[in-house]
Amino acid sequence: MDFSQIFMVMAATIAMTFFLGRFRALKLGQTVGGRKSLNSLPTYYGSLMAMWCGIPCLILFALWMMFDDVIISQAIMQELPQAVLELPASERGLIFNMVSNIAENGATAGSEPYMISAADRLQSLRETSQLTLIACLASMFLLILATVWARMSAQTRARTHVEGGFKWVLLICASIAIFTTAGIVFSVLFESIRFFQSVPITEFLFGLEWSPQMAIRSDQVGGSGAFGAVPLFAGTLLISLIAMVIAVPAGLMAAIYLSEYARPAVRSTVKPLLEVLAGIPTVVYGFFAALTVAPFIRDTGGLIGLSVSSESALAAGLVMGIMIIPFVSSLSDDVINAVPQSLRDGAYGLGATRSETIKQVVIPAALPGIVGGILLAVSRAIGETMIVVMAAGLAANLTANPLESVTTVTVQIVTLLVGDQEFNSPKTLSAFALGLMLFTITLVLNYIALLVVKKYREQYE
Amino acid sequence: MQAVNTPIQKNEKLNANTNGTDQKKTSTDEMNNSAAKVGKTVGKPFATNPKMTMRNVDVFYGDKQAIHDVSLDIGKNEVVAMIGPSGCGKSTFLRCLNRMNDTIEICQVKGEIKLEEMDVYHPKQDVVPLRARVGIVFQKPNPFPKSIYDNVAYGPRIHGLVERKTDLDEIVEKSLRRASLWEEVKDRLHAPGTGLSGGQQQRLCIARTIAVSPEVILMDEPCSALDPIATAKIEELITELSEKFTIAIVTHSMQQAARVSHRTAYFHMGKLVEVNDTKRVFTNPEHELTEAYITGRFG
Amino acid sequence: MTNSNQALSTAEKVNQSLQKRYRAEKRFKAYGIGAIAFGLLCLVVLFTDIISKGHSAFFQTYVKLEITFDPVEMGLDDPSDTKQLAMADFDSIIRNALKEQFPEASGRRDRRALYAIVSNGASFTLREQLKDDPALLNQTVSVWMLADDDIDTYVKNREDADGETFAGRISEKQMGWVNTLIENNQIESRFNTTFFSSGDSREPEQAGILGALMGSLLTLFVTILLSFPIGVAAAVYLEEYAPQNKFTDFIEVNINNLAAVPSIIFGLLGLAIFIGFFEMQRSLPLVGGLVLTLMTLPTIIISSRAAIKAVPPSVRDAALGLGASKMQMVLHHVIPLAMPGMLTGAIIGFAQALGETAPLLMIGMVAFVVDIPGAITDPSTALPVQIFLWSDSPERAFVERTSAAIMVLLAVLISMNTLAIWLRRRLERRW
C-alpha cells in the first residue's frame, strides 16, 4: 500500500461521510416531524459532515507527505557508516539515492553491504510510517465522525457552515495569484542574492563581457567566467527593436484598415486569419526562423555581397515581429474602436477625408491606448524565448549590427538551466539573476502599460 | 438636499436645524421647494393587525441618504400600494423588506423592520428563511433560463418543502393555477420559461414566488414592462392573491394603485408623505404634495 | 456678391488641393492593405513552408527482401522460447538476404553500405513476425522492411530536384542498388504508421511522436484538472463575493500582471519551487502540468470573469428573491449560465498551454525519452519540446519529421480553437 492508495481510500471514505451525514439528517428529521423541520436540506448536513471529517484528514495527510521523507532520510543518514557521513553533501545524496534504489528495486552488483542494510532499514521505516499514518488518520476520522454525529441536531445551521466553507475555498483559489507572484519573486530573488554574493551586482549590471563557463578544473584556460550582462541586454533590445519595427507599423495599419475601411465581410474573415498567427506556438516560429528565414537572409545577403551570420539578429527579430503583429493589431483595434464616433463625425463634418480623420483625430485620441498596447508588445518581445533560442546565437556579442549574431537574456537562461546542473555554481545562479532582471523589466512595462490603458479607457467611459 | 431632512427629524432637533432650511430656500427647483413642505407622515400609516412593521427606517447609499425615517405597517391580507415620483425611494424601501438590498455593498439600513416577531435586520437573521417568507416579484419578468416546471419547482426544491416528486408536481400545478397560467402552459411544462410572452413570463414569476408559500409578496412595478392586456390580468391576479397573501406593491401607475390596493402610501424624495385608504388618497388627499402628485403637477 | 465670390474661392481652394488629398487618402489605404497583405503572406508562407517540408514524413519507404529464417544463422531453435527470441540474431538473416540479392558487394565497406539500406529497426519487425508465426522457421518469405532514413530521403526526393539527380547522403553504389530495387518493385512507399505509434529514437525512420503526444496530453490533463476549477472558483470569488477593498485590488493587480509575465519565468518558478524546494523529479508531466496551471490560471480567471459578468443581474435577483442563498445562486444559476463563455476562454488557454515550450525546458521535460509515458509520474517530453529537440538534428529525415510534428501540433491547436469558436456560437446566450 503506498501513499496514493492511502489517499484513494481516504477520499472514498470522506465521500461516504457525505451520505452518512445525509442519513443522519433524515433520521433527525423523523424525530422532529419531517424533513421540513430541519434547519437545512439534508444534502447540506452531508456536506457539513464530509467537510468536518475531510479537512483535518487532508491536512494531516499533506503534512505527513511533506515531512515524512525528510525525517526518514535524516534517520537513515545518521545510521550510515562514519566514512560516508564525512563525504561532501552531494556525494552523500548520491549514496542515499542508491540506497533508496535498492529499497525499491532490490540489490544490484555494485551495492555495498552497508547500503543493503540501510535499504532494509529504509524499507521498514517507510512501512512503519505508512502504518502510523493509517492509524492516525483512522482514529482521527472516527473521533471526529463520532463527535459530529453526536452533536448534529435538527437545529444545526448546516447550510450556513457549508456556505462559509465554500466561500473560504473560493477565497483561497483567488489568492493563488498572490502566492504565484510571491513564489516567482522568492524563487528568483533568493537565488539571485546567492549569485550576487559571489559576483558583485555592479559587475553583473555594467560588465561588458559574458562568458558564464566556469572552469571545472582550476588549470583550465579562461576559467574564471565573466558575468557582465550588458551584451545580453543589448542583444535582447536589438532583437526586440527589429521585432517592433516590423510589428508596430504592420499591426497598427492592419488594425486601422480593419476598423475604419474594411467591409464587415472582409473584417470578419481577415481578423480571425491574422489571429491564427497569434495562436501558432512559438516553437513553430523558431523552427521557421532557424530553418527557413535565417538561411534565406544569409543567402540573399551573400548575393549582394554582405556577410550575414547564419544566426543573425535580423532573422530572429523578423520572425518575432511577425508573431507580434496580431498582438499589436488586436490591442490597437480595441482602442481605436473605443474612440467615440462623435469625434470622427466632427472631422467628417468639416469635410476631412477618411485618412485625415484617422491621422489627425482618431490616432491622437487613441494614442495613449496604442502606446500602452505597444508597451505590452515590447514586454512580450523581451520575454519571448523559443524563437531566440532556436534562431539567435549563443555568443554574447556587443553589437548593433542586425546581420551579426547576438544572444538574449532568455537564450542564456535556457542554455544555463537546460540539462543537469548543480544548484550552487554561479553559472546556474546567474540564470536566476537574469530571470530576476527579466521579471522586473516586464513587470514594470506591464504595470505602466496597464495603467496607461486603464486611464485611456476611463477617459471614454 | 441635505436641508430637506430636517423637518422630520426628532422634535428636539427641529429647532436647531431650521436655520439651515431657511438658507436653502433660495433654490428655484419646484421639487426641492416642495420637499421642504414634507412634515411627519400624515394619514394612517399603522394597521390594526400588522403583518410587517417598519419603524424609523433610514436607508443610506454610502453617504447619500435615500430613505428618511419611514414608519409604516402592512396589515395581514392587505394590499399596500406605494406610489411617488421616480427616484423617490419607493423601490428601495420595498427591497428593504426582504433585504434584497443586501446585494448592494454600500447600502445601509437603520431603524426597525419586523415581520411579525422576526427582526428582519437582526445581525444574526439569515436572509434565506426570511426570503422564503417574504417573496418578491421584479419589474422585468426574469424567469430562469430553464423549463417552466423547473422555474416553479426551484423554490420548493431549495427550501426542502417537498419529499416526493408527486408533491412537487402538485405544488407546481397549484401555483401555476393560482397565477392563472396553468391552462396556457399545462401542455408544455418542460418548454423553456423564457419562451413565453412577457405577460406570461411575469405570471410565471408570480407562480414561482407563490410556490414557496410566502406570507408576504413584494411587487416592484410588476406591470411596467407589460402591455395593457397583460397588465389587466396581473392586476386581477393581485386581487385574487390578496385573499391569501399580504402584498406590498410599488407602482408608478396611479390607476393601478387605485384598482388593486387597500391602502396607498405616497413617497416623496425619500420620505413617506401620506398613507391613507386608497379611496381617500385618490379622492381627498390630506397632504398638498400628494394632491399635487395625483393631479399630475409632477411625477 | 462678395459673399458668393468668397464662397467660390473657398471651393476653388479646396478643389486645388483635392487631388493631392485624395492621393494621400489612396496611399494611406494602400498602407493598410499592404500591412494586412504582409500578415496574410507571412501566414501563407509559414504554412506552405511547414507543409512542403513535412508532408513527405507521413510516408515511409519500405524494402522487400527474401528473408530466410535460418535457425543456424539466428542462433535459435525454438521460436516459442522468449529468451531465445530476444537473443536471436535477426540482423544476420537480413544481411544474408541483401548479400544474396547483390552479390557484387564484396569489400568490407561495400558490405557495410549495403547493409545500411535496411533500417536497424527491421530486426524487431522480423522478431515480431516470427513470434506471431513460429512456423516461419526454416522458411523463406518476402518481407517488407523499414528502409534506412537516408534511403528514404533519396527515394522521396530523387525526382523532385528538376532533372538533377539528388543523392542526399547515400553513395553512388547504394544509389545503384536502390535503383535496382526500385526497378524490381522491391521498394514501396507506405503510410508512416511508425510516426504515430512510437516514441523518440535516434534513428529518424524509427522515431515517432506518440511519446511526446502522450506527454503533452498527460501534462494538459493535469493542467485542465487544476486550472479550470481553480480559475472558475477564483473568478466566482472576485465577481460575486469579493468585498471592495485593498486585498481584492491586490489580487486583481496580481492576476493582471501574471497574465503578461513571460512564460519562461514560470519555468524558473517551477524549477525553484517544485523541483528545488519540494524535491519533485524532473521531466514529469505532473510538474509540467503544475507549471502550466499557474501560467494559464490568469487567462482562465480573466475570461471566466467576463463570462460571469455577462450573466444578467436579473437572474441573480430572481434566485435571491426566492430565498436562494448566495452559494445556491452561484451553483444553480450563475455558473451554468456562464459555462459556455468560461469553457471558450479555458479552451483557448489550454491551446496556449499545449503549445508552450519554454517553461517545460526549465523543468527538464527535454530528456530523450524512448518509452511512451502512461502516467503523470512517468518521465516524458511534450510535443512542442519534441519539435525543439528534433529541429536540432541535422538529418533531412528529422527536418521532415519536425515539420510533420508541427503539422500535428497545429492541427490539434486549430481544432481546439475551432471547438472554442463553435462552442461560443452554439451555446453562448445573448442577453
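In this predicted model, 11 residues of chain B are in contact with 7 residues of chain A. The area buried between chain B and chain A is about 640 Å², and carbon and sulfur atoms account for 44% of that area. On the chain B side, the greatest losses of area to chain A fall on B:D126, B:G160 and B:E163; together, these residues supply 58% of what that side buries.

B:D126 also takes part in a charged pairing with chain A. Its side chain meets that of A:R159 in a salt bridge, with an N to O distance of 2.4 Å. The interface of chain B and chain A holds 1 salt bridge by the rule applied. For polar contacts, the count across this interface is 1 residue pair, with both residues at pLDDT 80 or more.

Two elements of chain B, helix 4 (127-133) and helix 5 (148-159), each give two or more residues to the side that touches chain A. Of the elements of chain B, helix 5 gives the most to this side, with 3 residues. By residue class, the side of chain B that touches chain A consists of 5 nonpolar, 2 polar and 4 charged residues.

The interface of chain A and chain C was examined in the same terms. Here the contact involves 77 residues from chain A and 72 residues from chain C. About 6,500 Å² is buried between chain A and chain C, and carbon and sulfur atoms give 81% of this area.

Across the interface of chain A and chain C, 1 salt bridge is found. A salt bridge joins the side chains of C:R21 and A:E356, at 2.7 Å from N to O. Polar contacts between chain A and chain C number 12 residue pairs, again with both residues at pLDDT 80 or more.

The residues of chain A that touch chain C comprise 52 nonpolar, 19 polar and 6 charged.

In summary, chain A takes part in both interfaces described. Towards chain B, 7 residues of chain A are in contact, and A:R159 forms a salt bridge with B:D126. Towards chain C, chain A contributes 77 residues to the contact, and A:E356 forms a salt bridge with C:R21.

Methods
Residues numbered from 1 in each chain as written. Chains lettered and ligands numbered in written order. Predicted model: local features only at pLDDT ≥ 70, side-chain atom pairs only at ≥ 80, totals over all residues. Heavy atoms only, no water. Contact = heavy atoms within 4.5 Å. Buried area = accessible area lost by both parts, 1.4 Å probe. Salt bridge = Lys/Arg side-chain N within 4 Å of Asp/Glu carboxyl O. Polar contact = N/O pair within 3.5 Å; in protein donor to acceptor, adjacent residues only side chain to side chain. Helix = DSSP H or I, 4+ residues; strand = E, 2+ residues; numbered from the N terminus. Nonpolar A, V, L, I, M, F, W, Y, C, P; charged D, E, K, R; others polar.
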